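Have a look at the model first, then read on.

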Amino acid sequence: MRRQLLTAAAVIVLATTATACNGDGTDPAADASASADQSPAAQGNGGQGGGQDKGQDKDKGQGQDKGQGQGGDAHAVGGKLTLKGKKAGEQLDVTLKGFADPAHTDNKYNKPSAGKRFVAAQFELVNTGTVAYSDSPSSGAKVIDEQGQAFTQTMGGVTEGPKFPVTVNLAQGAKALGWVVFSVPENSKTAKVQFTMDGGFANETGEWTLKKS
């Protein structure tokens with residue numbers, strides 16, 4: 001009987017040792033947790049709760065997270081959000097591809113007025129809806145500063161890249177890439193970029209937070 005008890009104790013010790021060490025000194029439970037954190041579902045909401053915002057807020061909701069930006073955040077520069085328009089079947093995947101602050105005019109006759117500077121946001125639009133998309137995307141873009149002041153598009157181009165045309169027409173699956181230029185006060189600190197379909201009148205608004213300098 002004593003020999004059997006000693007043998008059972010040895011088996012328990014060996015089983016415990018095998019569970020505690022995964023061969024490379026890492027905790028298997030921690031590995032499983034890390035894998036879960038790296039899944040699209042966990043990262044889709046910018047690390048806030050690990051779920052997906054389904055865009056159910058009808059009062060300018062932020063749309064459905066889809067894809068990741070810098071640091072895995074869909075609401076950072078590089079992040080992609082799915083937005084719906086007012087028309088049935090209208091839907092875009094909108095990515096804030098870049099933000100230039102300051103942006104540089106491509107025309108010496110079109111400069112910021114005294115006390116102001118140009119900034120510019122680059123968007124990629126992909127028609128993921130079931131109908132054709134036709135809109136003026138620049139009209140639905142805004143820059144928000146740290147004081148909560150909102151600025152809409154301004155005239156003129158920048159050397160960072162071409163602007164969107166006045167009207168963009170996209171068939172299903174087609175995409176467009178363009179810059180939107182804004183004029184902001186020289187001492188204004190830009191904080192966020194927003195985009196809303198239908199010239200700014202749709203119910204869902206995508207919002208990206210800019211990295212503080």
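1. Is Gly173 buried or exposed? Gly173 is exposed, with a relative accessible area of 58% (buried means under 20%, exposed over 50% and partly exposed in between, using a 1.4 Å probe and protein chains only). You'll find Gly173 in the loop between β8 (168–170) and β9 (175–185); strands here are DSSP runs of E, at least two residues, numbered from the N terminus.

2. A word on the source: this is a predicted model, where local features need pLDDT of at least 70, side-chain atom pairs count only at pLDDT 80 or more, and totals for chains, interfaces and linings use all residues. Residues are numbered from 1 along each chain as its sequence is written, and side-chain values use heavy atoms, with hydrogens and water left out.

3. Back to Gly173: leaving aside neighbours within four places in sequence, Gly173 is in contact (heavy atoms within 4.5 Å) with Val126 and Asn127. Its C-alpha atom is 8.0 Å from that of Gly129, 44 residues apart along the chain.

4. Leu125 touches, among others, Tyr133, Leu170 and Phe195.

5. Last, the open sheet: four strands in the order β7-β6-β10-β11, with antiparallel pairing (two strands pair if DSSP finds at least two bridges between them). β7 (150–151) and β11 (205–209) stand at the edges with a single partner strand each, so one side of each has no neighbour in the sheet. Two bridges join β6 to β7, and Ile144 stands opposite Ala150 in β7.
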